[in-house]
Amino acid sequence: MSKTYASFISIGAYVPSKILDNKMLEEMIDTTDEWITKRTGIKERHIANENEYTSDMGAKASQQAIERSGLSTDDIDLVLCATVTPDYFNMPSTACIISDKLGIRDVQAFDISAACSGFVYLLSIAKAFIESGMKKNVLIVGAEKFSSIVDYSDRGTCILFGDGAGAAVISATTDKDKAIIDIHASADGSYSDFLMTPAPGSVNPASQKVLDEGLNFVKMKGNETFKLAVKTLTKDVKNILAHNNIESSDIKHFIPHQANYRIIKAVGDALKLEKEQIVLTVHKFGNTSAASIPMAINDIYELGRLKENELMLLDTFGGGLTWASALVPFAGK
Ligand code: ACO
């Protein structure tokens, strides 16, 4: 019997229409467009409406990914969502709500929490389910309403994050040329205080104290995270390329997590990548956490820059701390 591989057959995304640009932030906090642009590369980010939730954005991105896959919702046999801004913090999972919004029933669905690394983590789970023969068509979704956990008086974080969603369909194939080549995913919990939302949770259940102290908002040791991100990402990407005997010049699209232009540039320089190989959306979407990589893939797809069989190198870093990289040929049309 021929071996079963997992292939990345389609992409979709959803970006909320409302824009929060640097000039608007200048009115809200002590910052400047010049500082934000120079330190992060971000010019604007999109913010969901009050009554637009993570699952709404995830469902819209999923609908597009499923349509582009040529499959129907009936073909999907696993729904996975990566988010740190779920509709509800405990239950039900956002994957269950997305499934319901898409009309997908009687199918396993669950969320994972790996912050910005969530989408690449999901890719590794989808690959394992498919290669083991347990599932055939897996819907993976990275969706975030990050604005729901941002303190808009904290200039160290509120300039960075935006909302949005991206989704992909990962399907079984026997064609090795279309197979996801490799995924490296890792974590180091000893850095968990670099990036966290202290509440709500078993450590700090909802209380007046949580609200008074703003423990429900994202907290980040920005500079420490920045330095570790550059070091870890560079090492991780070099490892996955060497492990698979692939040169950086063989990569058509380097698609890093869109957190900060300076991090992306430092990793790109270390790999000696050409400008045309590096995908950038950080200027227009900011950091959308688990949605950042699929939104960036969708961006080049819609610009007509991503073609069938082109090799993508995905690379990400986020709260946990978590990090991951993946070598993925695009198997869509
Ligand atoms: N406007 C103006 N000044 C500011 C702002 C702002 N928005 N924010 C901070 N500053 C000031 C600081 O107060 C500090 O002033 P001081 O020197 O008087 O104390 C100065 O600028 C330098 O601050 P740093 O924090 O050292 O600035 P840095 O160059 O590190 O940039 C940033 C900050 C943009 C947050 C950067 O550290 C970064 O991008 N970090 C990594 C983020 C990341 O990759 N996160 C992981 C993924 S996210 C996830 O998983 C959800």
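Colleague: Which residue stands opposite V138 in strand 7?

Modeller: That would be I170. Bear in mind that this is a predicted model. V138 and I170 face each other where strand 6 (residues 137-145) and strand 7 (residues 163-173) are joined by 9 bridges.

Colleague: And do those two run parallel or antiparallel?

Modeller: Strand 6 and strand 7 run antiparallel. In general, strands of a sheet pair through backbone hydrogen bonds, in either a parallel or an antiparallel way.

Colleague: In what order do the strands of that sheet come?

Modeller: The order is 1-7-6-4-5, in an open sheet of 5 strands with mixed pairing. Strand 1 (5-14) and strand 5 (108-112) are at the edges with a single partner strand each, so one side of each has no neighbour in the sheet. On average, neighbouring strands are turned by 20 degrees against each other, direction ignored.

Colleague: Which helix packs on the sheet and touches strand 1 and strand 7?

Modeller: Helix 10, residues 292-302, packs there. The direction of helix 10 makes about 85 degrees with that of strand 1.

Colleague: Let's stay on strand 4 and strand 5 for a moment. How many bridges join them?

Modeller: There are 5 bridges between strand 4 and strand 5, and this pair runs parallel. Within it, V79 stands opposite A109 in strand 5.

Colleague: How many residues of strand 4 are buried?

Modeller: 5 of the 5, so strand 4 is largely enclosed by the rest of the structure. L78, L80 and A82 point one way, while V79 and C81 point the other way, and all are buried.

Colleague: What does S7 touch?

Modeller: Leaving aside residues up to four places away in sequence, S7 touches V169, I170, S171, T173, K178, I180 and A331. One of those, I170, is the residue opposite V138.

Colleague: Which residues of helix 3 are buried?

Modeller: T54, S55, M57, G58, A59, A61, S62, A65, I66 and S69. The buried residues pack against strand 1, strand 6 and strand 7, and also against helix 4 (94-102).

Colleague: What follows helix 3?

Modeller: G70 does, and its phi is positive, near 80 degrees.

Colleague: Where are they?

Modeller: A115 is in the loop between strand 5 and helix 5 (118-131). N245 is in the loop between helix 7 (222-243) and strand 11 (253-256).

Colleague: Are A115 and N245 buried or exposed?

Modeller: A115 is buried, with 14% relative accessible area, whereas N245 counts as exposed at 72% relative accessibility.

Colleague: What about cis peptide bonds, where do I find those?

Modeller: One joins M91 and P92, with omega about 0 degrees, and P92 sits in the loop between strand 4 (78-82) and helix 4. Another joins G320 and L321, with omega about -15 degrees. L321 belongs to the loop between strand 12 (311-318) and strand 13 (322-329).

Colleague: Let's zoom out. How many helices and strands does the chain have?

Modeller: The protein chain has 10 helices and 13 strands. Its radius of gyration is 19 Å, close to the 20 Å from the globule rule for 333 residues, so the chain is as compact as a globular protein of that length.

Colleague: What box do the C-alpha atoms fill?

Modeller: Roughly 60 × 45 × 35 Å along the principal axes. Buried residues make up 57% of the 333 residues.

Colleague: And what is the accessible surface?

Modeller: About 14,600 Å², with 51% of that belonging to carbon and sulfur atoms. As for contacts between residues at least 6 apart in sequence, 77% join residues at least 24 apart.

Definitions and conventions: Residues numbered from 1 in each chain as written. Predicted model: local features only at pLDDT ≥ 70, side-chain atom pairs only at ≥ 80, totals over all residues. Heavy atoms only, no water. Pairing = 2+ DSSP bridges. Helix = DSSP H or I, 4+ residues; strand = E, 2+ residues; numbered from the N terminus. Axes fitted to C-alpha atoms, helices over the stretch in contact; angles between N-to-C directions. Contact = heavy atoms within 4.5 Å. Buried < 20%, exposed > 50% of the residue type's maximum accessible area, 1.4 Å probe, protein only. Rg over C-alpha atoms; globule rule 2.2 N^0.38 Å. Areas by Shrake-Rupley, 256 points an atom, 1.4 Å probe, with all protein chains shown as cover.
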